[in-house]
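Hi,

Here is the structure I promised to pass on.

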Amino acid sequence: MSYLNYSLEELKHNGGSHTAKEICSQPEMWGKTYSKLLDEKTSIITFFEKVFKNKKPTVILTGAGSSAFIGEALEGTYLKNLQVNCRAIGTTEIITHPDHYFVQPEPTLLISFARSGDSPESVAVVELARKYCDNLYELNITCNENGALAKNANKDNSYTFLLPEETNDRSLAMTSSFSSMLLTGLLLPHINQIELMASVIKKIQDMANFIISENLVSLENIAKLQCERMVFLGSGPLFGIARESHLKVQELTDGNTICKFDSFPGFRHGPKAVVNDKTVVVYLLSNNPYSNLYELDLINSVKETNAGEVSLAIGNVASDEKFAVDYSIQFPKGTTSIPEEFLAVFYILPAQIIGFYKSIMLGLSPDSPSKSNAISRVVQGVKIYK
């Protein structure tokens, strides 16, 4: 068996066996995550009925690093689908200024995303929320049943959803854990009729498998480019994916590839200055026709002021308008039938794969790419002040 065109023997030699397997396992993990949500539907609905029985709560989506970016991808769709005041705030922001984010008399639903649930900030933010909020509900979405987040849950006003054990990635970089927790977050607003989401799950699995089976050569060729910078652009629910993409490549290359992220319109306001002839610009295209107007306008604008950069577009635009890029991943059946926010689940794969290939090309071990151990799977050394 091979993963991302490497044999298991090669992966063991390169130190990338966990990362490769975890990237490739994502479509299967999404199916398992969906099945687990189906199994727990009644319990989750009971919890939400308690949360929403009186005044609608303020929803805070939190996590650290990649887990925080899940919240960024969900913030808009929660506001739209649940009709609640929703904010995505990293645990790393909350711990220094808790009084800026928690309003004591207001009902609050704190949704925590965490792969291990053992980072000091994850546990500290829950404790701070209990201190600052009179009416607090806790929803923990985590991959580790033995983590502190799951073990320290308040049994009266909390619910912990444990993802399939295999999503608790063993590699440093979050891949399967990120996309599976994101999918969980996307499905929760549909929990009352979650059975109807089966067709969406099948479509995103098909799209991911298309990336893995048909686009590895292109993604490996991009990784082979002598680029020093990568820029990821996405808007709306894809803004959080642009941010996670930038982190993924930067982590897996141990900082040898410096990455940036922005929205399509935001890129014009200064950040475009980073583009040079050693830059790859990645466009995460929405399937929203209105959003496409801004996306295509930016792509054409960048091309007119070409600095020698290489471009990659991911996704199908909703119109027949043409645009010029060097590489593209266009899905054979299109993406128009997939709710826009669910694009986020499989749009993260190209960055994961490019980062994996570049890591090996740089002589790093994708499972543990940090030569200086400056970054680790679970952040260490954070002192929490009381």
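Leu 136 sits in strand E6, which covers residues 136-142 (strands are DSSP runs of E with at least two residues, helices are runs of H or I with at least four, and both are numbered from the N terminus). Before going on: this is a predicted model, where local features need pLDDT of at least 70 and side-chain atom pairs count only at pLDDT 80 or more, while totals for chains, interfaces and linings use all residues. Residues are numbered from 1 along each chain as its sequence is written, and side-chain values use heavy atoms, with hydrogens and water left out.

Back to Leu 136: is it buried or exposed? Its relative accessibility is 10%, so Leu 136 counts as buried (buried is under 20% relative accessible area, exposed is over 50%, and partly exposed is in between, using a 1.4 Å probe and protein chains only). Setting aside neighbours within four places in sequence, Leu 136 is in contact with Thr 108, Leu 110, Ala 129, Arg 130 and Asn 157 (contact means heavy atoms within 4.5 Å). Val 126 is ten residues away along the chain, and its C-alpha atom is 9.7 Å from that of Leu 136.

Ser 17 is the other residue I looked at. It belongs to helix H2, residues 17-24, and is buried too, at 14% relative accessible area. Not counting residues up to four places away in sequence, Ser 17 touches Leu 11, Lys 12 and Asp 367.

Now the whole chain. There are 15 helices and twelve strands. The radius of gyration is 20 Å, close to the 21 Å from the globule rule for 386 residues, so the chain is as compact as a globular protein of that length (the radius is taken over C-alpha atoms, and the rule is 2.2 Å times the number of residues to the power 0.38). Buried residues make up 56% of the 386.

As for the inside, the largest nonpolar core has 88 residues, and Leu 182, Ile 204, Ile 241 and Phe 346 have the most contacts within it (a nonpolar core is a set of buried Ala, Val, Leu, Ile, Met, Phe, Trp, Tyr and Cys residues joined through side-chain atoms within 4.5 Å). A second, separate core of 15 residues includes Phe 264, Val 281, Leu 296 and Val 302.

Cheers
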